[in-house]
Amino acid sequence: MHPAPSVIIFTTLSGLGFGLFFWLGLGVPDVSGRTAFAFFFIAYALSCAGLLASTFHLGNKKNAIYALSQWRTSWLSREGIAAILTLFLFALVAVPRIFLGAEMAVSGAIGSVLALITVFTTSMIYTQLKTIPRWNQPLTPVLFLLHALGGGALLAGEAKIAGWLLLALTLALFAAWQIGDKRAQARGTTGDATGLAHLGKVRMLESGHTARNYVVDEMVYRVGRKHAEKLRWITLALAGALPAAILLLTSPGHMTAFLALALHLVGAVVGRWLFFAEAEHVVGLYHGK
Amino acid sequence: MTALPEKTEKKLGLVIDLDTCVGCHGCVTACKGWNTQNYGAPLSDTDPYGADPGGTFLNRVFSYEAQAEGKAAQTVHMPRSCLHCDDAPCVTVCPTGASYKRSEDGIVLVNEDRCIGCGLCAWACPYGARELDREAGIMKKCTLCVDRIYNQNLPEEDRVPACVRTCPAGARHFGDLGDPDSDVSKLVANRGGFDLMPDLGTKPVNKYLPPRPKDTLDTAPLEVVADEPKGFLGWLDKALEKL
Amino acid sequence: MNKPEHLQIDTSPPVSDEVRKTTCYMCACRCGINVHMKDGQVAYIEGNRDHPVNRGVLCGKGSAGIMQHYAPSRLRAPLKRVGPRGSGEFEEISWDEALEIAAGWLAPLRETDPKRMAFFTGRDQSQSFTSWFAQAYGTPNYAAHGGFCSVNMAAAGIYTMGGAFWEFGQPDWDRTKLFMLFGVAEDHDSNPIKIGLGKLKERGARVIGVNPIRSGYNAIADDWVGITPGTDGLFILALVHELLRAGKVDLGYLSRYTNAGFVVNEEPNSPENGLFIRGENGKPQVICRETGKLSDYDTPGVMPDLAANYRHAGTTHRPVFQLLADRYLNDKYAPEAVADQTGIAAERIKSIAAELARVAFEEEIVLDQPWTDWKGQKHDKMIGRPVSFHAMRGISAHSNGFQTCRALHLLQILLGSVEVPGGFRFKPPYPKPPEAHPKPHAGVTPGQPLDGPHLGYPMGPEHLLLENDGTAKRIDKAFTWENPMSAHGLMHMVISNAHAGDPYKIDTLFMYMANMAWNSSMNSSEVMRMLTDTDEKGDYVIPHIIYSDAYSSEMVAYADLILPDTTYLERHDCISLLDRPICEADGAADAIRWPVVEPDRDVRGFQTVLIQLGSKLGLPGFVTDDGAPKFKDYADYLVNHERRPGVGPLAGWRGKDGEGRGRGEPNPAQIDKYIENGGFWVDHIPTEASFYKPWNKAYQEWAVARGIFDAEAPYVFNLYVEPMRKFQLAAEGHGDIQPPDHLRARIAETMDPLPIWYPPFEDANVDADAFPIHALTQRPMHMYHSWGSQNAWLRQITGKNFLYLPTDLWTEHGFEDGDYAVVTSAHGSITVPVAHHAALNPKTVWTWNAIGKRKGTWALDKAAPEATEAFLLNHLIHELQPPKGDGLRWANSDPVTGQAAWFDLRVKIAKSVPKPAESQPVHPSITSPVGKGPDVVARKIR
């Protein structure tokens with residue numbers, strides 16, 4: 001799949017934002033007033049920037065209003081609704097907390113659940129696609145949730161929790177790659193896709209057009225195997241293992257937290273790029289890829 | 001509403017004969033021409049005379065080679081477009097309700113007044129049948145020429161998709177695949193028509209007819225009547241007598 | 001909110017304001033099209049269901065015609081060269097000035113030495129008109145592109161049976177049960193072949209494809225014979241060998257309808273040796289089966305005895321059929337003997353021969369259709385042999401192409417499958433034997449028209465166009481000992497010969513629609529040099545070049561004066577029975593083009609320009625007695641010109657009342673009638689005349705009534721082509737007109753009156769071990785010559801080409817996708833991208849033709865893939881054979897017809913390390929006279 005910057009930014013930032021919301025909803029860290037404002041501001045900034053980025057992916061923004069209408073069938077629609085509900089609800093949590101010092105425990109908890117649901121709906125946009133076997137596996141939502149929870153915890157200043165979550169993320173990433181590789185392998189061959197396998201080994205001779213087209217640009221994008229391997233290790237190290245190690249093995253401090261966050265962010269972006277770039281769409285089989 | 005209709009009254013679709021398609025691209029440009037002038041936004045071409053041209057086509061003809069061990073390779077031309085699946089994943093993923101499947105005839109369409117061009121339907125389609133038009137920012141796909149097949153302004157014989165009308169070899173057939181007695185259904189039954197990627201559960205309406213077995217000629221050599229001119233003359237004289 | 005599945009959409013939108021029906025020109029197939037107009041603009045093009053050629057269907061090119069019509073590459077106004085030749089620097093001028101310049105060059109030449117004007121038209125569909133212009137002008141130097149296309153096919157067909165494939169005839173698609181297809185250029189009969197194949201497929205009839213490459217039609221062939229290029233003739237003669245050995249030939253058919261029974265003079269050393277023994281009336285003699293006596297071949301009731309012989313004055317003379325059997329029963333044509341060379345296993349050849357025989361003789365078709373033959377004998381049935389064939393450039397573009405095409409017709413005739421149900425059928429005005437065609441003419445008188453038509457079919461050395469000193473009368477050396485039967489001329493030799501001054505220098509080269517500076521020439525780089533070469537005084541060796549084209553092609557840059565043509569939707573044209581009509585086996589048909597839109601630029605249809613130029617020059621036929629222009633424009637000519645009294649360019653709706661079919665005085669409303677009828681006219685052949693046309697009285701009478709002939713002209717097929725023997729006799733020293741010594745042996749070998757096979761000349765000219773690979777081009781079904789690349793839709797389908805390599809070569813050289821190869825012939829070298837193609841003859845590589853473009857042409861970006869990655873194979877092919885040390889220039893052509901031997905090419909291949917930045921060679925960019933096209937096209941007329 002084509003690793004579009006808009007989608008990478010969207011999923012990474014909004015995941016972080018909603019992850020932070022999750023912790024803030026539970027009162028972690030337990031802050032009010034100006035500090036609370038800062039935290040909520042970050043959460044809103046990240047989630048809104050992410051959502052805004054996602055609209056750059058749209059070809060025809062003027063119809064965007066309709067995107068909430070199909071919640072009964074469409075995960076994308078559900079995501080939009082969940083995100084808006086979450087953002088709206090947290091306004092009800094944030095304002096009292098910032099200005100009134102009120103705890104808002106119940107609505108905060110509901111907000112946390114909504115934030116998780118939002119992240120889950122985001123993940124399901126990808127997970128639901130049978131056409132991309134690598135994504136179409138149980139660990140995809142787990143990855144999105146761990147990214148959000150771990151990154152959110154890191155932003156929330158919960159070093160140890162974040163450390164354990166990022167360790168879990170490390171393991172989940174590794175496992176997801178193993179499962180994903182197997183699933184991608186099971187995608188079949190050009191012979192299977194064309195229904196011509198009974199005639200022998202099938203290969204594409206001409207793809208119909210020598211010029212570029214949307215399907216090829218968008219869905220037949222493939223990162224080189226060696227390159228992907230390298231990026232996997234980078235992701236594993238930066239998004240998960242290194243920050244986890246820093247957070248779990250050093251004493252908490254602003255510098256270490258900042259370093260861990262920076263590493264995680266870079267790793268998360270690389271990982272998200274790879275998430276798209278190495279996802280094999282079945283349509284690639286028609287293109288011999 | 002992007003829920004799929006539980007049942008459609010008809011299942012209009014195409015049957016494409018891979019034993020007959022010569023790969024001429026007639027269907028490709030006829031489709032491009034009709035659908036540029038008709039349903040929704042025109043099918044645009046970007047950098048059309050430049051270094052990196054690209055454009056929207058609703059139908060493209062691929063060529064494949066198949067080779068079995070110890071046999072000559074064979075070439076198969078395969079036109080590919082929307083299969084108007086019964087269980088169309090492109091429809092259910094759509095957040096706006098722009099993508100829908102018509103309950104009366106099963107045609108899968110994009111309502112361009114709703115489409116936000118998010119591309120998710122194209123991701124959900126296993127067949128590469130949807131293309132986002134770069135100029136319009138709208139998802140384009142085969143409409144089965146819904147503006148031809150019922151069009152009262154066309155003579156009745158022309159109320160078929162543009163690709164079918166133009167196909168020089170007659171490799172493309174249009175009809176109701178929900179009716180077992182239709183010509184297309186019979187063709188599918190007789191020729192072993194198949195679905196593309198049936199495992200994905202999309203239940204395509206369009207069918208492909210497989211290439212007939214190739215390189216099977218095995219006629220026994222002729223019996224010799226004469227091996228040299230003299231014998232031949234003898235045979236000739238007798239044969240002429242019989243005329 | 002409405003449930004979307006019940007969304008109301010307009011399923012009945014208005015389709016267009018108006019439909020205008022004309023003729024396609026996206027290739028040479030000439031289909032009928034419906035041009036849908038919206039708001040005065042072309043909106044959509046589809047096939048015309050009523051049209052005899054395409055019956056409503058349309059190919060990839062035809063349906064993309066709208067993008068050709070609106071292509072940014074269209075020339076806008078007449079151009080006068082201001083930069084050096086080849087630079088592309090022009091200034092726009094008025095038509096008055098353009099015609100003044102042209103007349104300024106042409107008028108003095110006509111008065112002094114008309115042959116110094118050479119007029120060659122390329123993919124011209126108005127040859128009966130352009131040749132008429134050239135004839136009126138008085139130059140002998142006229143031809144169209146047949147010489148570099150498929151003249152072998154056409155000439156072999158005419159000499160053998162009075163017609164060949166495509167425009168001459170077609171398989172009986174509705175009845176044939178076994179169809180064999182040899183190398184076909186797709187634009188030759190494009191849609192009819194596809195429609196026909198579709199019919200066969202519907203019936204499950206067997207298709208055998210003989211082609212080194214399994215693509216296109218061969219992809220759907222039930223059996224693919226991946227023959228080695230240039231060996232088709234050998235394969236066909238092996239089939240003939242098998243059929244003869246088994247006695248599977250149609251003796252009745254051969255006796256009645258061919259010269260199988262003609263007695264050949266076998267007296268050694270006689271000047272008549274090898275010619276037919278003739279009666280006092282000059283008629284060839286057969287031995288009557290009943291009486292055993294010699295008899296005129298056409299005597300009613302006489303069946304020739306093919307098994308008898310005639311002894312006279314101590315010599316035994318035998319009928320053609322015995323010579324034929326003698327030759328092909330020889331073991332050198334045995335399947336085992338040809339298997340290696342052809343690349344086809346002996347068992348396979350035997351199996352195919354057996355299948356041909358089985359279908360021809362065991363699946364015979366009988367139609368209960370009475371008919372009467374030319375001798376007056378009535379028959380109550382029509383017997384058919386349902387095997388049919390089609391072939392085109394693949395077999396003809398070799399130096400053995402003429403004889404190979406002859407071999408194929410021989411096979412058809414032996415099976416009795418020509419002009420019978422289920423077999424091959426002629427399309428009017430064919431059948432038409434060589435005798436009925438004109439002879440070539442080159443009689444020049446300054447200031448006067450030529451003494452007759454330029455092109456024709458020589459029947460012996462007396463018809464060659466030679467000066468008294470033996471040099472060629474024509475610039476292309478057509479109808480000389482180098483290629484005696486060059487019925488279509490040799491367009492590919494014109495520039496080379498004119499540059500070399502061999503046989504003479506010319507002053508003005510006038511060309512139409514022929515991209516000679518690029519893909520329509522062998523040796524393109526060298527042709528560009530010849531066009532720009534200067535003499536010791538600094539003048540161009542070819543002093544003046546006038547060129548007409550609708551588009552900014554490569555050739556434009558090499559002309560001094562450009563006469564911009566219209567697109568095919570803006571012009572009048574005529575697909576005439578006098579020329580290359582669109583007839584079908586069941587009827588005569590012709591068609592027009594008419595301006596469905598008026599040009600929005602200062603351009604004129606080329607034929608109209610010729611009318612204007614002809615008038616300006618005062619050419620006979622173009623002006624009235626008082627010197628005034630006779631015709632306003634081409635449309636006026638189409639209606640009012642009469643070639644013979646009552647016979648003109650258009651056959652339909654003739655006569656004042658419009659009732660005349662084929663004959664009748666001019667009808668001023670004729671073009672309107674064509675437009676009303678969808679742009680074409682068709683007149684069906686009576687059912688009893690449907691088959692056996694050369695011998696069918698009803699057909700002959702119908703043809704005379706329609707003006708196709710002026711008198712009935714039945715004839716028999718020539719298994720043995722006597723005129724060829726006449727050339728051989730000359731080579732043996734007989735007669736007054738003698739070939740030069742250096743050509744004697746070649747003429748004696750190649751002008752054999754019975755089909756032979758010899759290896760393509762390139763095999764002997766180069767070291768076949770050093771250049772072990774055959775290299776071919778073929779045209780994609782969706783592109784026509786160089787035209788496709790300016791079409792925004794089509795160039796997306798094929799905007800670059802690869803050299804396709806068979807599996808063994810691919811792995812042997814360790815190629816991978818994205819690699820480039822250095823491809824070298826004896827003549828040159830190119831470096832080009834490669835791809836793997838398994839369904840390919842193991843000794844053959846190939847690519848799509850004419851995808852490569854010169855930078856700066858066709859309104860494309862200089863960085864377009866056509867100009868950076870795509871390539872031409874032409875650079876590897878020379879118009880001459882390699883020098884033989886005799887100081888002579890030997891054309892790389894068939895020795896009989898002069899057809900360019902494109903497909904003889906042999907190459908070697910190496911991996912290019914490192915990869916070049918662009919395909920090689922790269923030619924400098926040309927200044928585009930039309931700029932570059934727009935950045936986006938999304939043309940919807942609302």
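This is a predicted model: local features need pLDDT of at least 70, side-chain atom pairs count only at pLDDT 80 or more; totals for chains, interfaces and linings use all residues.
Strands of a sheet pair through backbone hydrogen bonds, in either a parallel or an antiparallel sense. The two pairings of this sheet are set out below.

| Strand pair | Sense | Bridges | Residues standing opposite |
|---|---|---|---|
| β2(B) and β3(B) | antiparallel | 2 bridges | B:Thr46 and B:Gly54 |
| β2(B) and β35(C) | antiparallel | 2 bridges | B:Asp45 and C:Val937 |

### Chain B as a whole

Chain B contains 7 helices and 11 strands. Its radius of gyration is 24 Å, well over the 18 Å that the globule rule gives for 243 residues, so chain B is more spread out than a compact globule. Along its principal axes, the C-alpha trace of chain B spans about 85 × 50 × 45 Å. Of the 243 residues in this chain, 66% count as buried; and among the contacts within chain B that join residues at least 6 apart in sequence, 61% link residues at least 24 apart.

### Contacts between chains

Where chain C touches chain B, the contact takes 89 residues from chain C and 82 residues from chain B. On the chain C side, the largest share, 8 residues, comes from helix α11 (residues 346-362) of chain C. By class, the chain C side divides into 45 nonpolar, 19 polar and 25 charged residues.

The contact of chain A with chain C takes 5 residues from chain A and 6 residues from chain C. The side of chain A that touches chain C is made up of 2 nonpolar and 3 polar residues, with no charged residues.

### A helix pair in chain C

Within chain C, helix α20 (residues 722-731) packs with helix α21 (residues 741-750) at an angle of about 145°, their axes lying 8 Å apart, and the crossing of α20(C) and α21(C) is left-handed. From α20(C), the residues C:Phe727, C:Gln728 and C:Ala731 meet C:Arg744, C:Ile747 and C:Ala748 of α21(C). Sorted by class, this contact of α20(C) with α21(C) has 4 nonpolar, 1 polar and 1 charged residues.

Key: Residues are numbered from 1 along each chain as its sequence is written. Chains are lettered from A and ligands numbered from 1 in the order in which they are written. Helices (H or I, at least four residues) and strands (E, at least two) are DSSP runs, numbered from the N terminus. The radius of gyration is taken over C-alpha atoms; the globule rule is 2.2 Å times the number of residues to the power 0.38. A residue is buried if 20 or more other C-beta atoms lie within 10 Å of its own, exposed if 12 or fewer, and partly exposed in between; C-beta atoms are placed from the backbone. Two residues are in contact if their C-beta atoms, placed from the backbone, lie within 7 Å. Ala, Val, Leu, Ile, Met, Phe, Trp, Tyr, Cys and Pro count as nonpolar, Asp, Glu, Lys and Arg as charged, and the others, Gly among them, as polar. Axes are lines fitted to C-alpha atoms, for helices over the stretch in contact, and angles run from 0 to 180 degrees between N-to-C directions. A crossing is left-handed if the near helix is turned anticlockwise from the far one by less than a right angle, and right-handed if clockwise. Two strands pair if DSSP finds at least two bridges between them.
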